[in-house]
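Dear colleague,

I am handing over the structure below, and my notes on it follow directly after. Please read them beside the coordinates.

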Amino acid sequence: MYPKLNKVITRPLRDLTNAAEGVAAGLYGQQVRLDSRDELGRLAESFSAMSAEVQQTRDGLEEVVRQRTRELEEAQEADLLLHVIDVS
């Protein structure tokens, strides 16, 4: 009925809503591409930047966890080895 309204407001809001729901579900890094320079376009651009930052931060934290886990495993192996040597 209102094709211009759908193109200019409804579809961009739907795209932003879908992306926000994706992030809420753990799909970080969701991007929204809108070909407009109005408030919705700026909101989509800001959302995409924020989502990318969340993804990068999460990836960095996961790497820190992997590294620390490796360090703990190595320390445990060294402690076990020292214990075996000490018992001998």
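R58 is partly exposed, with a relative accessible area of 36%, where buried means under 20% relative accessible area, exposed over 50%, and partly exposed in between (1.4 Å probe, protein chains only). This is a predicted model, in which local features need pLDDT of at least 70 and side-chain atom pairs count only at pLDDT 80 or more, while totals for chains, interfaces and linings use all residues. Residues are numbered from 1 along each chain as its sequence is written, and side-chain values use heavy atoms, with hydrogens and water left out.

R58 is found in helix α2, helices being DSSP runs (H or I, at least four residues) numbered from the N terminus, as are strands (E, at least two). The side chain of R58 forms a salt bridge with E62, with 2.5 Å between the closest N and O atoms; a salt bridge is here a side-chain nitrogen of Lys or Arg within 4 Å of a carboxyl oxygen of Asp or Glu. Both residues belong to helix α2 (residues 39-87) and are four residues apart, about one turn of the helix, and E62 is likewise partly exposed, at 29% relative accessibility. An α-helix has 3.6 residues a turn, so residues three or four places apart point the same way. Further along the chain, L82 is 24 residues from R58, and the C-alpha atoms of the two are separated by 36 Å.

By the rule above, the count comes to four salt bridges. Another of them joins the side chains of R66 and E63 (3.0 Å, N to O), which are three residues apart in helix α2 and so separated by about one helical turn. R66 is partly exposed at 43%, and E63 is partly exposed at 35%. R68 and E71 also meet in a salt bridge (3.6 Å, N to O), and E71 counts as partly exposed at 38% relative accessibility. Salt bridges that share partners join E63, R66 and R70 into one network.

Helix α1 (residues 3-24) has 22 residues, which at 1.5 Å a residue should span 32 Å, and the 30 Å between its end C-alpha atoms agrees with this; the expected span is 1.5 Å times one less than the number of residues. At T10 helix α1 bends by about 35°, and a proline, P12, follows within four residues, the bend being the angle between axes fitted to the seven residues ending at a position and the seven starting there. The buried residues of α1 are P12, L16, A19 and G22, and just after the helix G26 takes a positive phi of about 95°.

S36 sits in the loop between α1 and α2 and counts as partly exposed at 29% relative accessibility. The C-alpha atoms of S36 and P12, 24 residues apart along the chain, are separated by 9.6 Å. Both S36 and P12 are among the residues lining the largest pocket, together with K4, K7, V8, R11, D15, R33, L34, D35 and D38. A pocket is an open set of points on a 1 Å grid over the protein atoms alone, where a 1.4 Å probe fits, with protein on both sides within 12 Å along at least five of seven lines; lining residues have an atom within 4 Å of a point. About 200 Å³ of space lies in the largest pocket, a volume being the space filled by probe spheres set on the points, which are joined across faces, edges and corners.

With best regards
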